[in-house]
Amino acid sequence: MSAARRRRGKGGSRGRRRGKKKEQVGFWGEVDKLPPAKQDVRITSEPAAVVHSLGVPPLPGHEVIATHYFSAVYERAVQLSGALAAAGGLIEPEELLEEFTD
């Protein structure tokens, strides 16, 4: 049996869904009771500050590389959250350009 066929499983074609389509469900709460969106969103210049304040990661022999990778993950998270804030209209996209091109 070929690898492609094994990935497809017994049903044959890839991506075939069985059963009924799921109904989309709207927001289940009361929109009037939602708090207003915060408009003071700021992008941090030091994403890993809190974690670095805890000290070196407890990974004997791997502290330096772990710190590097953790920092990369925190920086990426800040970039993505900034993009989401811009997409949601909480900040201007130009603010992101200024922040990440410096």
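## Surface and overall composition

The protein exposes about 9500 Å², and carbon and sulfur atoms supply 56% of that area. Accessible areas come from the Shrake-Rupley method with a 1.4 Å probe, and for residues only the protein chains shown count as cover. This is a predicted model, in which local features need pLDDT of at least 70 and side-chain atom pairs count only at pLDDT 80 or more, while totals for chains, interfaces and linings use all residues. Residues are numbered from 1 along each chain as its sequence is written, and side-chain values use heavy atoms, with hydrogens and water left out.

Of the 102 residues of the protein, 11% count as buried. Buried means under 20% relative accessible area, exposed means over 50%, and partly exposed lies in between (1.4 Å probe, protein chains only).

## Fold and contacts

The protein has four helices and zero strands. From the N terminus on, its elements run α-α-α-α. Helices (H or I, at least four residues) and strands (E, at least two) are DSSP runs, numbered from the N terminus.

Among contacts in the protein with a separation of 6 or more, 47% are between residues 24 or more positions apart. Contact means heavy atoms within 4.5 Å.

## E63 in helix 3

E63 lies in helix 3, which covers residues 63–87. At 29% relative accessibility, E63 counts as partly exposed. Leaving aside neighbours within four places in sequence, E63 is in contact with V56 and P57.

## The aromatic pair

The count of aromatic pairs comes to one. The pair is formed by F70 and Y74 and is tilted, at 6.5 Å centre to centre with 35 degrees between the planes. Under the rule used, rings of Phe, Tyr and Trp (its six-membered ring) pair if their centres lie within 6.5 Å; planes under 30 degrees apart count as stacked, over 60 as edge-to-face and the rest as tilted.

F70 and Y74 both lie in helix 3, where they are four residues apart, about one turn of the helix. F70 counts as partly exposed because its relative accessibility is 37%. Y74, with a relative accessible area of 23%, is also partly exposed.

## R76 and P47

R76 is placed in helix 3 as well. Its relative accessibility of 47% is why R76 counts as partly exposed. R76 and P47 are 29 residues apart in sequence, and their C-alpha atoms are 9.0 Å apart in space.
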